[in-house]
Amino acid sequence: MPETVFARPQALADVSTHYCPGCTHGVIHRLVAEVIDELGVRERTVGIAPVGCAVLAYNYFNTDFQEAAHGRAPAVATGVKKARPDLIVFAYQGDGDLASIGMAEIVHCANRGEKVTVVFVNNAIYGMTGGQMAPTTMPGQVATTCQLGRDVDQSGHPIRVSEMISTLRTPSFVARATVHNPLVAVHAKEMLRRAFRYQVDGTCFSLVEILSTCPTNWGIPPVESMSWLEKNMLPYYPVGIFKTPDGGSREPRPMTE
Amino acid sequence: MTKKLMKGSEAIGEAAVQAGCKLFFGYPITPQNEIPEYMSMRLPQVGGTFVQAESEVAASNMIYGAAGAGERVMTSSSSPGVSLMAEAMSYLAGSELPAVVVNIVRAGPGLGGILPSQGDYFQATRALGHGDFRVMVLAPWSIQEAADLVQDAFDLADYYRNPVLVLGDGLIGQMMEPVEFSEGREPIKALDTKSWATTGCDGSRPPNVVNSLFLDPEELERHNLKLKAKFDAMAEVEVRYEAYDIDDDYDVLIVAYGTVARVCSTAMEELKEEGISAALIRPITLFPFPFAAVRDAAMKASSVLVVELSTGQMIEDVQLALARSRPIHFHNRLGGMLVSPDEVVAKVKSMLDGSSEEVRHA
């Protein structure tokens, strides 16, 4: 009998996505789906889709889903989890959604210690709306609303969400990962696994920030986008675990090689 | 159950619990803080959950999540807070989720004041959020009616899969009156199980998706028409009002809702003592508005008086109902000031002696 060595995760729908070439949303979707499968929780998982490029995530996961208003996914996730604590609830949000319009919702969801998991995809730009500056846009990075590059005197410095959330006293799991090559993607999956595991065990709120690319709006070809991320984003957004529920943390490390 | 003296806010909270409300998400704002306070104490007693959200924006989106998960859920607020809930109201309607929202209206615009007002009539009946939707608006005039309407609101929300708004004012929120909750209350609508809710796809069904995004315009048009059919059905079968003294002969028909209608009924008694008869139509549903009842009652009158705690909002629905067939007069107070029975009596007399001017422009 031939042995299946590679298959689509059951939690991932058998459809094509609308994501652009070189965008890592697809990779991150797959990692989340693999973790859901491996934990055996697909049939009691509810995802919360954001507004942004992942707005259609409900078409790509083979689980129940709710589509939230812009930035409100952590509030919607709170509502679902409070209504049915036995469900595994994850919000999937981009950086405009989570770090700008939804900053209040994510901070208070984390601070209440809601037993939900947030997958925070940070590609340093607004993708769906066409490449506007995000709170995470790098200094000097060109976007359609900062065409001479982000001016930190005018717009401030990019917000480091994981660092900020990890300052909260409430126990949680907060980590940052990246998926710009297969090696680091394995680490990202491990962070996601831990995050979902903490929820399955009813331990704490968890947030995994995953650095992502946007070749279309960065104006950089897909392969070069991976190295642009590594060169420009990784030093500022170091990968690692920022907070664990037992109060410990591991010093984040830059992943420039 | 025996009658119990209750504050309006507490009666509203207890009514929700009696109706099976399991979750309440809210944010403090005067004059309705007693509702979340009551729910924070009461819901845990019945296995429910109370969350004080970080804002009305968050509270109303928590409502969305919990309603989508299939539980009975409520929030309450006052005018500026309801403005912040506009986003979620639209998403609830678009995603066809049931929820009960209580607005204890305060005077506006802006931060305004905390005293009673009816200045949110337009917001409630026309513009609770962006996009093409309506919600049923229930306006009690007593604490007992507030308790009854809150319970009905849960059934109506579930039946139509649409938010229902209960519109009161500071008097309804703060006043104490005897309230009775009937035992073994049956739902007022035949309700299906919530097979659409996101409860986890346990293999017995494909995934459920709660969503208001339709990128295909043909699909969205079909969705809009489906919603429109629900709003039409509400207008067809859910109109509620009470008529007072419309079987008598009268010159003046008064149209007023909520606590203002109660002031008008006192005025009618004073008028009656002076041999002047007036009738009253009190809309209980502001959407759907009782157009036919107002029109029919007005046909017996020589003129119509609208009384509101606003610069003139419900009067537009009365104008629609009458289609210029009767002169309309208007009396109001603003900013948290109340209409007195004496003012209504004086206004009716001035209409009868010709010294009151009819409204030309609402």
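Modeller: Gladly. Helices (H or I, at least four residues) and strands (E, at least two) are DSSP runs, numbered from the N terminus. This is a predicted model, where local features need pLDDT of at least 70 and side-chain atom pairs count only at pLDDT 80 or more, while totals for chains, interfaces and linings use all residues. Residues are numbered from 1 along each chain as its sequence is written, and chains are lettered from A and ligands numbered from 1 in the order in which they are written.

Biologist: Where does Pro288(B) lie, and what makes its peptide bond from Phe287(B) cis?

Modeller: Pro288(B) sits in the loop between strand 13 (285–287) and helix 11 (291–299) of chain B. The bond from Phe287(B) to Pro288(B) has omega near 0 degrees and is cis. Gly108(B) and Pro109(B) are also joined by a cis peptide bond, with omega about 0 degrees. Pro109(B) belongs to the loop between strand 5 (99–105) and helix 6 of chain B.

Biologist: Why is Glu96(B) called partly exposed?

Modeller: A residue is buried if 20 or more other C-beta atoms, placed from the backbone, lie within 10 Å of its own, exposed if 12 or fewer, and partly exposed in between. Glu96(B) has 19 of them within 10 Å, so it is partly exposed. This residue lies in the loop between helix 5 (86–94) and strand 5 of chain B, and its phi is positive, near 55 degrees, though it is not a glycine.

Biologist: And what makes Ala323(B) exposed?

Modeller: Ala323(B) has 9 C-beta neighbours inside 10 Å, so it counts as exposed. Its phi is positive too, about 45 degrees, and it is not a glycine. You will find Ala323(B) in the loop between helix 12 (314–322) and strand 15 (328–332) of chain B.

Biologist: How do you know that strand 2 of chain A pairs with strand 9 of chain B?

Modeller: Two strands pair if DSSP finds at least two bridges between them. Strand 2 (residues 64–67) of chain A and strand 9 (residues 209–210) of chain B are joined by two bridges and run parallel, so they pair by that rule. Four bridges link strand 1 (residues 45–49) of chain A to strand 2 of chain A, again in parallel. Look at Gln66(A): Ile48(A) stands opposite it, and its bridge partner in strand 9 of chain B is Val210(B). From strand 2 of chain A, Asp64(A) and Gln66(A) point one way, Phe65(A) and Glu67(A) the other, and all are buried.

Biologist: How many residues are in contact between the two chains?

Modeller: Contact means that two C-beta atoms, placed from the backbone, lie within 7 Å. It involves 28 residues of chain A and 32 residues of chain B. Helix 2 (73–83) of chain A gives the most to its chain's side, eight residues. That side holds 13 nonpolar, seven polar and eight charged residues (Ala, Val, Leu, Ile, Met, Phe, Trp, Tyr, Cys and Pro count as nonpolar, Asp, Glu, Lys and Arg as charged, and the others, Gly among them, as polar).

Biologist: Which domains is chain B divided into?

Modeller: Domain 1 (4–237) and domain 2 (241–352), with bounds from an automatic or database domain assignment. Their C-alpha centres lie 28 Å apart. Their contact takes 26 residues from domain 1 and 21 residues from domain 2 of chain B.
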